[in-house]
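Hello, and welcome to this structure. Here are a few numbered notes to read alongside the view below.

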Amino acid sequence: MKREGISRRDFLRGTMASALGVAATGILGACSPAGAATDPATTSASVNEETTKAETTAAETTAAETAPQMESGQTAPVLESTPYEVYHTELLVIGTGNAGVWATQRAMEEGKTILMVDKGPFRHSGASAMSWDALMIWHDYAGMRTPDWQLINGETAQAAFDYLGGAEFNPYVESINHGQTLPFRDANGEVAPISPQLPKTTVSAFFRREMDALLGTGRINVMDQTMITDLLVNGDRCLGAIGIYLPTGRMRVIRADATIMASSGCTQIHGWLNIGYRGINSTDNTGDVPMAAFRHGLKIGESEFAQYDFNSIIFKDVAHTFGCGIGADAGELEVLFDANHERIFADDEVVNGNLGMCQRIGELVFKDKKGTANDGVYCTYTQESYETVRYPIMRNVRFFQEHGFDPIGNYFEVAAEMYEHGGAPIIDKNMMTELKGLFDVRGAGACGENGGPHMCHNRLYGHYTGKCAVNYLNAAPAVGEEEIDWTPVEEECRRLSEIRTRKVENGLRPHEIRRKIQAAGYRGFTIYRTTEMMEEAIAELERIRREDMPRQVLADDSTTFNVEWKSAIENINMLDSAEMSIRASLLREETRGCYFRPEFPQKDDVNWNCMLACHLEGDEMVFEKIPYPEIGG
Ligand SMILES: Cc1cc2nc3c(=O)[nH]c(=O)nc-3n(C[C@H](O)[C@H](O)[C@H](O)COP(=O)(O)OP(=O)(O)OC[C@H]3O[C@@H](n4cnc5c(N)ncnc54)[C@H](O)[C@@H]3O)c2cc1C
């Protein structure tokens, strides 16, 4: 495969032959080498590093046994040889996708020091950096109250809209001023809307442009390839986050007086098909930070809701990301057929966006048994749909034609693939969670039954959260270093080191356990959910927690780019997220969002026009109904 001057098409041609599994499993991610211009340790002055809080050569012992009893206020000596670096910033943003970038753009204008952290390589991680020629959706507030945005916190949404200037807000100008080119133009060179009904929605947004422009300002710091595994919490206040610099395994603590979560949901729980998971989001989005918040006792809402698109599953040994797949979403219902090649949707049929499409196909595949062996349906394009449909992935038709399959006039199999998920800490009107100083762009109440954001959610709440965090920084008393209890850092170091160094008989490797979590996730959390399917899935997840997780071991306990260590840590978060999501779905006795529940085939606004929030009591997941504040509530 040619290394220099490789074209995208030649690159894809190369991968098709040898490593397409790679595209599916995200190893592509490691593009920017450590120490590149994004690592604050090598670049910025404003983020100061206090290396190695305490260095000991204590023998590698199980810290729990030897932990000395500490006097109150005494800073705990590091019991294990786990040195950690400490970075200081005023505002920490976890996640550099569009949620994090839009929050940072606004916070940056207020002159605060900002450190953005990401698990993957900056500009090459998460959904946003797949840069898939995005459909840049925007609704004015009135438009937000559409059926698929019914269950949201109206008070917060109104406050966010008012902050952006209501109907005057122009997302095109905002994005172009932050690096976008938005090439889809009309004859006068104006940005063209995708349809008259959506005057402020256009196509061909490439989100990398705004990441490049943001970094180009030189006014922010980015720390990438750093996986946040826990929040630094003292009492009722979040004082930053704790994580691992993946290339070296070095522990990092980011001390921040305000922290914004923008690290996506857990989209990896939706099954495994042949060589890839049944989804099109990044493999890095495993719900780590929301589940860390859950372990700190925060209420997590909307975990029962997710989003699915129908993406190609043509070749058994090929898994397609969105960027190199073909398929359909609610904008192309006419190209979807059942197993007998009968059209699924009539010409003039109106479904409620992706939500209605998924409910309908769920019923068709699982109840009417009119799906394919892989629980999919068929899709085919006409020459006319190929030339007229502005669905970004149409560009891949030629790629498939060059590889021996013509999607025009031939049926190909597509299946529901998960691309977004709810499941975030509940937030107040100022986007703040139950922990002081911790904000969440995708907090529960922001996206509701939509099941995680579209770009319009992330833009609306991203900009607003940036502002709210700065307001908090200006008002909240700063915390002196001497006041901080570092014990949570020691405990997190111990937890992660135990996962890495565990030795048990008859151990299970992280990928083995992950497949089981994904299989249970698919059984209970797809577009069709019966009581029986969900109960079976929960029983299996309970068994995995009881029997398999204690046997999770790694092939080696090195700290250097130990991807198994990363997977093992993620598995704990995925298990919590999967169990919580399916329990919430089982409790919600109605059909809503992207799934169909045959025992309760209708939406039930009498009993279920509310959020379901989950918190931990001991080891128990406890759920409660929380009403959504109405407009002007
Ligand atoms: C393939 C695909 C196509 C889509 N198409 C559209 C579209 O056309 N229009 C639209 O409106 N919406 C679309 N969406 C939905 C939605 O807009 C996107 O999911 C959105 O880009 C999400 O942005 P985000 O910033 O919330 O998440 P992401 O872009 O995924 O960013 C989250 C970041 O958090 C990082 N992260 C995760 N865990 C950790 C951790 N433990 N520590 C540190 N960092 C962490 C990840 O590496 C990632 O970079 C699409 C989604 C997908 C997946």
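1. What pLDDT does the protein average, and what share of the residues score at least 70? This is a predicted model, and its average pLDDT is 85, with 84% of the residues at 70 or above. One stretch to treat with care is residues 1-80, where pLDDT stays under 50; for that stretch the model has 131 contacts beyond four places in sequence. Where pLDDT is low, the predicted coordinates should not be read in detail.

2. From α14, the contact draws on Arg495, Leu496, Ile499 and Arg500, while α17 supplies Trp565, Ala568, Ile569 and Ile572. Six residues of this contact are nonpolar and two are charged, with no polar ones.

3. How does α16 (residues 531-548) lie against α17? The two axes come within 10 Å and cross at roughly 150°, which means that α16 is roughly antiparallel to α17. This crossing is left-handed. On the α16 side the contact includes Met534, Ile538, Leu541 and Arg545; on the α17 side, Leu575, Asp576, Ile582 and Leu586 are among the residues involved. By class, the contact of α16 with α17 has nine nonpolar, two polar and six charged residues.

4. Please look next at the open sheet of five strands, which has the order β14-β13-β17-β16-β15 with antiparallel pairing. β14 (327-328) and β15 (336-337) each have a single partner strand, so one side of each is left without a neighbour in the sheet. Within the sheet, three bridges join β16 (residues 377-379) to β17 (residues 412-421), and these strands run antiparallel. Tyr378 has Glu413 of β17 as its bridge partner. Helix α10 (residues 353-367) packs on this sheet, touching β13 (306-312), β15, β16 and β17. The direction of α10 makes about 65° with that of β13.

5. The last stop is the pair α4 (residues 98-108) and α13 (residues 455-475), packed at an angle of about 40° with their axes 7 Å apart. At that angle, α4 and α13 are therefore oblique to each other. α4 passes α13 in a right-handed crossing. Among the contact residues are Trp102, Gln105 and Arg106 of α4, together with Asn458, Gly462, His463 and Val470 of α13. By class, this contact has six nonpolar, six polar and three charged residues.

Definitions and conventions: Residues are numbered from 1 along each chain as its sequence is written. This is a predicted model: local features need pLDDT of at least 70, side-chain atom pairs count only at pLDDT 80 or more; totals for chains, interfaces and linings use all residues. Side-chain values use heavy atoms; hydrogens and water are left out. Contact means heavy atoms within 4.5 Å. Helices (H or I, at least four residues) and strands (E, at least two) are DSSP runs, numbered from the N terminus. Ala, Val, Leu, Ile, Met, Phe, Trp, Tyr, Cys and Pro count as nonpolar, Asp, Glu, Lys and Arg as charged, and the others, Gly among them, as polar. pLDDT is the predictor's confidence in each residue, from 0 to 100. Axes are lines fitted to C-alpha atoms, for helices over the stretch in contact, and angles run from 0 to 180 degrees between N-to-C directions. Angles under 35 degrees count as roughly parallel, over 145 as roughly antiparallel, 65 to 115 as roughly perpendicular and the rest as oblique. A crossing is left-handed if the near helix is turned anticlockwise from the far one by less than a right angle, and right-handed if clockwise. Two strands pair if DSSP finds at least two bridges between them.
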